[in-house]
Amino acid sequence: MSKLKRSEKLAFIAVGDDNGVTYHRLKNFTEFSVSKNPVNYSRQYIDEDFERNDVVSYAPSISYSFDYDNENPVHALIVDITDNELVGDKAIVDMVFVDISNNPEAECTASLRQWSLIPDKEGNDSDAYDYSGTFRANGQRTPGVATSSDNWESCIFVAE
C-alpha cells in the first residue's frame with residue numbers, strides 16, 4: 001500500500017496579467033490545511049433514545065501561511081489583497097486543486113472553486129516576513145482535470 005504524500009496534492013491560484021489568466025502553483029507555503037466544516041442537522045425523535053445527525057452542507061476553509069517572496073505571483077496577489085485591504089469581489093481568488101499521485105506526466109484529477117481570502121497576520125516570523133490567514137469557500141466546487149507543460153509550476157484546468 002503506497003501512501004499519498006502531501007507534495008502530491010497541489011494547489012494553484014489564478015493570476016491574471018497582460019497574457020490572460022494562468023494558474024500558478026502555491027509555493028513556499030508553510031501551512032495549508034483544509035477544514036471541511038460540515039454543517040449538520042440534528043434532532044431527537046420522541047420514540048428514540050438517541051439523537052440523529054445528518055450532514056446538510058459544508059463550509060470549507062483553508063488556513064494558510066507563507067514566507068513572502070516578492071517575485072512569486074501568488075504571493076504578490078495575496079499581499080496586494082492584504083496590504084490594500086481589498087474587500088468583496090476584489091478579495092476572491094480562483095483556486096485549482098490537483099492530485100498528481102497517480103501519474104504526474106498525464107492529465108490529473110482536479111477541482112476548481114472560488115475562495116474569499118481573509119487575511120489575518122503578517123510579520124510574525126523573525127527569520128522571514130510571513131503572511132497568514134484563511135481562504136473560505138465562496139462557491140460550488142467544479143470537478144475537472146488539469147494538465148501541465150512545465151512540471152506543475154502552472155496548470156491548465158478543464159471542467160468536466
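Is glutamate 85 buried, partly exposed or exposed, and what is its relative accessibility? The legends below take up this residue and several others. The structure is a predicted model, in which local features need pLDDT of at least 70 and side-chain atom pairs count only at pLDDT 80 or more, while totals for chains, interfaces and linings use all residues. Residues are numbered from 1 along each chain as its sequence is written, and side-chain values use heavy atoms, with hydrogens and water left out.

**View 1. Glutamate 85 in the loop between H1 and S7.** Glutamate 85 counts as exposed, at 66% relative accessibility; exposed means over 50% relative accessible area, buried under 20% and partly exposed in between, with a 1.4 Å probe and protein chains only. Its phi is near 50°, a positive value in a residue other than glycine. Most residues other than glycine have a negative phi.

**View 2. The largest nonpolar core, with 20 residues.** Such a core is a set of buried Ala, Val, Leu, Ile, Met, Phe, Trp, Tyr and Cys residues joined through side-chain atoms within 4.5 Å. Ile13, Phe29, Phe32, Tyr64, Ile78, Met95 and Phe135 have the most contacts inside this core. Two or more residues come from each of several elements, including strand S1 (9-17), helix H1 (73-83) and strand S8 (108-122). Helix H1 gives the most, with four residues. Helices (H or I, at least four residues) and strands (E, at least two) are DSSP runs, numbered from the N terminus.

**View 3. Methionine 95 and its contacts.** Contact means heavy atoms within 4.5 Å. Apart from neighbours within four places in sequence, methionine 95 touches Ala11, Phe12, Ile13, Phe32, Ile62, Ser111, Leu112, Arg113, Trp115 and Phe135. A second, separate core of 14 residues includes Leu10, Ala14, Tyr23 and Ala110.

**View 4. Histidine 75 in helix H1.** Histidine 75 counts as buried because its relative accessibility is 0%. With neighbours within four places in sequence set aside, the contacts of histidine 75 are Lys27, Asn28, Phe29, Phe66, Asp67, Tyr68 and Asp69.

**View 5. Tryptophan 152 in the loop between strand S10 (142-147) and strand S11 (154-159).** Tryptophan 152 counts as buried, at 3% relative accessibility. The phi of tryptophan 152 is near 65°, a positive value in a residue other than glycine.

**View 6. Tyrosine 41 in strand S4 (residues 38-43).** Tyrosine 41 is partly exposed, with a relative accessible area of 46%.
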